[in-house]
Amino acid sequence: MKPEETVDYNFKVCWHAISRMYNTEATKADITTSIGFVLLNIDQEQGTPATKIAPLLGLEARSLTRILKSMEEKQLIYKVSDPSDKRLVRIFLTEKGLEKKEISRQTVKQFNHKVREQIPDKELETFFKVCSRIQGMIENKEIF
């Protein structure tokens, strides 16, 4: 079987292309794709518990720790201890973080808009179903 005939190869190549595209756009805003995704997952009103962000993005906790440290250094976020549970730390966006979140949001919206212009809804529905089924197979340990 040739690599281009395998499911994982096609996912990987497509994701790397998307990632490079997002990184090019993120660099213009002095952030990274990872930072952009974290920004998009922070609830500004309630704050987002740091422990909830990594699973939303499929990251390991230590990877998120490095990203959050970088975001603090760039003054995009600040942390607040939860008043009812001191072990819980909530992440909030600074004004600068809110600006970068909006740039990230617009970038994702533009990508999705362009894809939806070119690919019919029926094909995207099939794509989403296939992705969901593969992810379920992996999570349910049906492959290995």
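This is a predicted model: local features need pLDDT of at least 70, side-chain atom pairs count only at pLDDT 80 or more; totals for chains, interfaces and linings use all residues.
Me: OK, how many residues are in the largest nonpolar core?
Reply: There are 17, and Val-38, Ile-42, Met-71 and Ile-77 have the most contacts inside it. A nonpolar core here is a set of buried Ala, Val, Leu, Ile, Met, Phe, Trp, Tyr and Cys residues joined through side-chain atoms within 4.5 Å. Buried means under 20% relative accessible area, exposed over 50%, and partly exposed in between (1.4 Å probe, protein chains only).

Me: And which element gives the most to this core?
Reply: That's H4, with four residues. Helices are DSSP runs of H or I with at least four residues, strands are E runs of at least two, and both are numbered from the N terminus.

Me: What does Val-38 touch, leaving aside neighbours within four places in sequence?
Reply: Val-38 is in contact (heavy atoms within 4.5 Å) with Ile-53, Leu-57, Leu-64, Ile-67, Leu-68 and Met-71.

Me: New topic: where's Gln-75?
Reply: Gln-75 sits in the loop between helix H4 (61–73) and strand E2 (77–81). Its phi is positive, about 60°, although it isn't a glycine.

Me: Is Gln-75 buried or exposed, and why?
Reply: Gln-75 counts as exposed because its relative accessibility is 55%.

Me: What about the phi of Lys-141?
Reply: Lys-141 isn't a glycine either, and its phi is positive, near 55°. Lys-141 lies in the segment after helix H6 (121–139).

Conventions
Residues are numbered from 1 along each chain as its sequence is written. Side-chain values use heavy atoms; hydrogens and water are left out.
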